[in-house]
Amino acid sequence: MGRTLPSITQAFIQEEEAFSRFRRALRRGDQIALDDLFATARKHLSAAAYASHALPMETFLLSMLLEQHKEIMQLRQQVADLRGDRDA
Amino acid sequence: MPDHTGWLLDLFEDAQRGVDLWLIGDDGARLRLRQDFPLIFYAAGNTEALHQLGLWLRGQPEKPALARAVRRDLFRDQPLTLLAIEMQDPINQPRLFQRAAKRFPDLDFYDADINITLRHAARWGTFPLARCYVCADDDGNVQDMRVLDSPWDLDPLTPPLRVLSIMPDHDPSHTDPTALIATHDKREYRFSLQPERSLLINLRALLQRYDPDLLLTGSGDTWLLPLLLSLSKKHNLPLPLNREPDRGVLHKKEGSYFSYGQIIYRGQQILLYGRCHIDCRNAMMWQSYDLQGALESARITALPIQQAARVSPGTGISSMQITTALHNEILVPWKKQQVERPKTALDLIQYDQGGLVYQPITGLHFDVGMIDFISMYPSIMVHSNISPETPFPDRLGSSDHPPGLVPLTLKPLLEKRIALKQRALSLPSWDPRRAQDKARSAAHKWLLVTCFGYLGYKNARFGRIEAHEAVTTWGREALLRAKEAAEEMGFRVLHMYVDGLWVQKDGCRDPQHFQPLLEEVASRTSLPISLDGVYRWVAFLPSRVDDRLPVPNRYFGVFQDGSVKARGIDLRRRDSAPYVADVQREMLRCLALASSPDDLQQRVSQAIAILRQRLQDLRQGRVPLRELLVGKKLSKELSGYRVPSPGAKAALQLQAVGKSVRPGQRIKLVFIRGGDGVHAWDLPEPPSASALDVHYYQTLLLRAAANLLQPFGLDEDELLIWVRSDFGKQLELPLRVWSWRHAPDILPLDPALLGYPANA
């Protein structure tokens with residue numbers, strides 16, 4: 001269908017492709033980590049669309065940070081739980 | 001003066017003057033009446049050009065009456081002064097108008113190309129199958145008429161329609177039929193296609209004796225009626241397909257067009273006078289509409305039955321808008337003049353958006369409530385009064401302005417749909433009205449869905465992109481308000497999709513547990529909302545390409561009453577082979593029997609047993625070829641394929657034997673080994689059963705099964721091992737309830753982790 005603006009998914013794919021040279025030069029292990037980062041950003045595409053930011057990449061970067069922070073908090077909680085178990 | 005009460009069956013332009021009406025009388029008589037029906041169309045422009053038009057019109061053979069008129073154009077602030085052109089012979093209007101438009105291209109024309117039934121609907125309140133009281137003189141000239149019911153009645157008195165169905169004994173696109181099977185009132189006749197003369201004579205006798213109101217055919221538009229017409233001509237035996245003996249049938253040409261990102265093919269159409277011809281093969285969306293739906297569309301759109309059964313819902317909704325406009329003396333533009341106003345890039349970024357579509361939390365979830373806004377976009381248009389000519393609302397909820405054209409048109413339709421929905425909840429399952437209501441509801445649904453699209457369509461007569469954007473803006477707002485309400489009340493929001501959300505909360509598993517949430521959302525959005533149902537369990541699937549990615553519209557689940565709902569998996573896809581879809585459906589029904597998470601484990605083993613059994617059927621050749629047919633849609637002209645898809649290869653095979661194929665047509669094929677890899681089903685010789693590509697069908701089936709079983713912790717490779725092994729029953733299943741491989745990092749954070757209570 002004709003679109004005046006690219007959809008958020010199209011914008012995301014464009015941004016991801018813009019880093020293809022960067023990705024290519026990374027080691028295999030780092031490439032996997034980078035792909036994971038982009039995959040986590042995808043989970044918040046709908047929020048990014050709603051935000052309708054003029055520079056969507058900022059929203060994508062923030063989404064990556066968000067997912068990472070969630071993971072840290074969950075791990076922190078698990079560590080606390082494990083410590084609690086040991087102390088108990 | 002004789003007067004009649006009955007139902008209006010058909011209405012069209014009289015060959016000389018006014019219109020002809022076909023009435024089904026209460027006494028069973030089929031009456032043909034004639035009514036004077038002057039018709040007016042308008043021209044606007046500069047005074048000099050209008051004067052020239054007037055002079056020119058006076059010299060035309062139609063001799064229209066000319067007058068000055070003042071009317072409202074929705075897209076202009078001031079009323080327009082126009083030249084009104086009145087004709088007593090509607091049948092000649094299209095030709096006069098076309099000549100005028102060609103000669104005076106700079107003038108704007110209004111009310112110029114409107115279906116006669118819509119004009120009649122606006123003037124007299126008629127619609128197909130309306131109950132009418134008609135007062136006519138002895139020659140059948142209507143003196144007065146009154147319509148006794150309304151298209152919005154829930155249970156209208158319906159006429160005893162005489163329906164004659166004529167079907168070929170074989171699908172003509174596949175094999176040449178040898179006979180026609182005609183049925184009416186449970187009586188069946190078989191007419192051999194040879195000899196042709198006796199076929200015509202028998203058919204003519206049947207048409208004359210039974211005199212059907214409705215001719216229901218299989219491939220009547222593309223094959224049957226063209227054949228009968230040419231035979232009738234060849235043998236010089238007139239065939240009374242029409243009730244009007246002096247008229248020929250009306251041909252409409254075939255074509256392909258582009259709509260919502262898809263190529264759609266529509267075959268040629270053949271329309272009759274005084275009798276309705278519906279081709280079940282060609283009527284768009286016939287499967288979901290059926291006859292009840294077609295009649296309901298005709299009643300509410302006021303389009304003739306045979307057209308309502310064929311047109312797209314977009315034409316239906318714009319017809320309703322035209323009738324509303326005519327009725328309210330608002331001009332209907334011939335060509336839309338107004339264009340989109342200039343916008344800044346920032347405006348575009350903010351408003352050029354659709355509905356909110358979330359990525360669900362993939363995996364298996366138990367006790368999930370699904371709530372959705374009832375006809376969200378139409379509701380917003382009606383409640384917030386969104387129409388091209390009204391100021392755009394600054395809030396959800398009632399508007400201070402008088403209702404615009406679009407809300408005026410939609411309001412009764414929306415109310416009828418909601419009334420039918422409410423009734424559906426109270427009717428017992430054996431009530432015959434249930435099936436009927438369902439068919440009518442489906443017709444309403446499509447009209448309501450497209451009315452939103454038409455608001456933004458650049459060629460729609462009453463469209464305006466800003467109104468379209470206002471609807472989605474407030475739709476997003478309503479969905480976010482619903483999300484906020486749910487989260488504040490302690491629900492987890494698993495998924496949101498434009499007008500619905502899936503929510504979950506410990507201890508909420510009965511409809512009444514969700515009632516407070518519904519009330520809260522309704523009060524925050526002032527839009528009608530309902531509980532679609534409570535799922536015993538529902539599984540949201542990740543993308544097929546990358547299993548880290550959730551996708552919005554691939555899920556399946558079981559409601560508390562045991563009914564199953566699935567989207568985006570093989571059994572819903574139109575290009576799945578029936579065999580694959582059936583096995584998937586059977587497996588899903590088996591899983592649906594599980595009432596608790598513990599029980600699921602056993603059901604998964606049973607589902608795998610079904611899969612194994614059906615795979616055996618395939619390998620041992622027990623699956624009929626017909627069930628392995630796959631329908632692939634052609635998306636472009638054959639010459640446009642660089643690498644032909646399976647569908648294109650099959651189409652090329654058909655072309656090689658002289659059968660024509662068009663973009664948008666669905667090509668039926670089976671996958672075979674060797675050669676092209678496919679065999680078109682409509683080729684004269686059937687594929688041999690031994691050539692069948694069993695391995696490929698096995699892959700398709702395993703993929704379909706893996707889609708179902710993946711939320712339970714089994715992927716395609718694991719599944720293959722399970723299916724091959726004979727010890728599957730003893731193995732412990734790796735059931736990982738909603739903690740599928742990537743689930744932990746997809747989980748939204750539990751607010752408790754952040755150190756503040758969930759309800760804060």
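In strand β26(B), K668(B) is the bridge partner of G631(B). The model is a predicted one, in which local features need pLDDT of at least 70 and side-chain atom pairs count only at pLDDT 80 or more, while totals for chains, interfaces and linings use all residues. Residues are numbered from 1 along each chain as its sequence is written, and chains are lettered from A and ligands numbered from 1 in the order in which they are written. Helices (H or I, at least four residues) and strands (E, at least two) are DSSP runs, numbered from the N terminus.

Strand β26 (residues 666-671) of chain B pairs with β25(B) in the antiparallel sense over 4 bridges; two strands pair if DSSP finds at least two bridges between them. The open sheet to which they belong has 3 strands in the order β25-β26-β27 (chain B), with antiparallel pairing. Its edge strands, β25 (630-633) and β27 (678-680) of chain B, each pair on one side only. From one strand to the next the twist averages 45°, with axes as lines fitted to C-alpha atoms, for helices over the stretch in contact, and angles running from 0 to 180 degrees between N-to-C directions. Helix α17 (residues 646-656) of chain B lies across β25, β26 and β27 of chain B and runs at about 45° to β27(B); residues are in contact if their C-beta atoms, placed from the backbone, lie within 7 Å.

A further open sheet of chain B contains 4 strands in the order β5-β6-β4-β7, with antiparallel pairing. Strands β5 (65-71) and β7 (108-110) of chain B stand at the edges with a single partner strand each, so one side of each is left without a neighbour in the sheet. The twist in this sheet averages 30° from one strand to the next. Strand β6 (residues 80-87) of chain B and β5(B) pair in the antiparallel sense over 7 bridges, and I85(B) in β6(B) is the bridge partner of L66(B). Helix α1 (residues 47-58) of chain B packs on the sheet and touches β4 (39-44), β5 and β6 of chain B, its direction making about 5° with that of β6(B). Helix α2 (residues 93-103) of chain B also packs on the sheet, where it touches β4, β6 and β7 of chain B; the direction of α2(B) makes about 10° with that of β4(B).

Helix α4 (residues 196-210) of chain B has 15 residues and should span 21 Å at 1.5 Å a residue, which agrees with the 21 Å between its end C-alpha atoms; the expected span is 1.5 Å times one less than the number of residues. The buried residues of α4(B) are L199(B), L200(B), L203(B) and L207(B). They cover an arc of only 95° around the axis, which puts them on the same side of α4(B); the arc is that of the directions from the helix axis to the C-beta atoms. On the other side of α4(B), R197(B), S198(B), A205(B), Q208(B) and R209(B) are exposed. A residue is buried if 20 or more other C-beta atoms lie within 10 Å of its own, exposed if 12 or fewer, and partly exposed in between, with C-beta atoms placed from the backbone. The buried residues of α4(B) pack against β12 (187-192) and α5 (220-234) of chain B. Just after α4(B), D211(B) takes a positive phi of about 50°.

Note on methods. Two residues are in contact if their C-beta atoms, placed from the backbone, lie within 7 Å.
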